[in-house]
Amino acid sequence: MSAALAATDMVLAREQKLHALDGLAAAAAHELGTPLSTIAVVTKELEHHIGADDPLRDDIKLLNAQALRCREILLKLTRHPSEQDPLHARVSVRAMLEEAAAPYRSGKANITFVVGPEGAEGGAASPEAVAERRPGVIYGLGNIIENATEFALKEVTIRALWNTAEVVVTITDDGPGFPPDVMDSVGEPYVTTRPAEDVAGMS
Ligand SMILES: Nc1ncnc2c1ncn2[C@@H]1O[C@H](COP(=O)(O)OP(=O)(O)OP(=O)(O)O)[C@@H](O)[C@H]1O
Ligand SMILES: [Mg+2]
């Protein structure tokens, strides 16, 4: 009985963490909405005022397009599942991983998916898990996949194996692995071994 209660507690704690992640994403997206709208409006105004052959015209158009793109990304993070097309509100494990990996598929690393029931060769295979589409989870997986593709030599493998109780997702790459001094602080913000100019997002 106490083991069952402890297990329930763990599941609840994990659920709360995931909801907190979605909440943080929604709060950040909300805060960024106003300045991004200002950039979109001002760049549109500038585009109207600037001469057709002004050399800055293309730059201003690019700024406007990028501001709109940022707004679309934020919308993806904030949209409530109930507002989505019902077809997309639920997602299979494979579809969720493919969505998370999509932005990194044209990078230097080749991404291979191994998705299926655990030990399928032997016993009866359990059906693929389908769950609520959580933007925060997809975003989080995307961050790990991004790291793997950037630190890999050339291969990244995304594995998801499930049984009737859980799905285990493993993301591996053939790169040098985590530097030992980073291991203790994995998961904390502002920990990086990238050169300063990369971290500032200037690359
Ligand atoms: N797949 C990986 N292989 C080797 N080291 C990794 C890998 N993923 C993360 N790391 C190490 O962990 C550090 C922190 O990763 P994190 O994603 O938090 O930041 P970052 O990738 O350096 O910068 P950002 O994600 O903000 O662009 C990295 O700088 C790197 O040292
Ligand atoms: Mg990273």
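Analyst: A residue counts as buried at under 20% relative accessible area, as exposed at over 50%, and as partly exposed in between (1.4 Å probe, protein chains only). By that rule, 23% of the 203 residues of the protein chain are buried. This is a predicted model, where local features need pLDDT of at least 70, side-chain atom pairs count only at pLDDT 80 or more, and totals for chains, interfaces and linings use all residues; side-chain values use heavy atoms, with hydrogens and water left out. Residues are numbered from 1 along each chain as its sequence is written, while chains are lettered from A and ligands numbered from 1 in the order in which they are written.

User: What makes up the secondary structure of the protein chain?

Analyst: Seven helices and five strands. They're DSSP runs numbered from the N terminus, with at least four residues (H or I) for a helix and at least two (E) for a strand. Along the sequence the pattern goes α-α-α-β-α-β-β-α-β-β-α-α.

User: Is Val-41 buried or exposed, and how do you know?

Analyst: Val-41 has a relative accessible area of 53%, so Val-41 is exposed. This residue sits in helix H1 (residues 2–49). Ala-67 is 26 residues away in sequence, and its C-alpha lies 9.5 Å from that of Val-41.

User: Why does Thr-112 count as partly exposed?

Analyst: Its relative accessibility is 32%, so Thr-112 lands in the middle class. Thr-112 belongs to strand E2, and its C-alpha is separated by 8.3 Å from that of Arg-159, 47 residues apart along the chain. Thr-172 gets the label partly exposed too, because its relative accessible area is 34%; you'll find Thr-172 in strand E5 (residues 167–173).

User: How do you know what span to expect for helix H5?

Analyst: Take 1.5 Å times one less than the number of residues. H5 (residues 135–151) has 17 residues, and the expected 24 Å is close to the 24 Å it reaches from first C-alpha to last. Its buried residues include Ile-138, Leu-141, Gly-142 and Ile-145.

User: What makes a set of residues a nonpolar core, and which members touch the most others in the largest one?

Analyst: The members must be buried Ala, Val, Leu, Ile, Met, Phe, Trp, Tyr or Cys, joined through side-chain atoms within 4.5 Å. The largest has 19 residues, and Leu-97, Ala-101, Ile-111, Phe-113, Ile-145, Val-156 and Ile-158 touch the most other members. Helix H4 (93–101), strand E2 (110–117), H5 and strand E4 (155–162) each give two or more residues; H4 gives the most, with five.

User: Which residues surround ligand 1?

Analyst: Among them are Asn-147, Ala-148, Phe-151, Asp-173 and Phe-178. The cut-off is a heavy atom within 4 Å. H5 gives the most to that shell, with three residues.

User: How do you know that Thr-193 makes a polar contact with ligand 1?

Analyst: For a ligand, a pair of N or O atoms within 3.5 Å is enough. A polar side-chain atom of Thr-193 is 2.4 Å from a ligand 1 oxygen, so that pair qualifies. Taken alone, ligand 1 exposes 600 Å², of which the protein buries 73%.

Technical notes:
A polar contact is a pair of N or O atoms within 3.5 Å; within protein, one must be able to donate a hydrogen and the other to accept it, and residues adjacent in sequence count only if both atoms are side-chain atoms. Accessible areas come from the Shrake-Rupley method with a 1.4 Å probe; for residues, only the protein chains shown count as cover.
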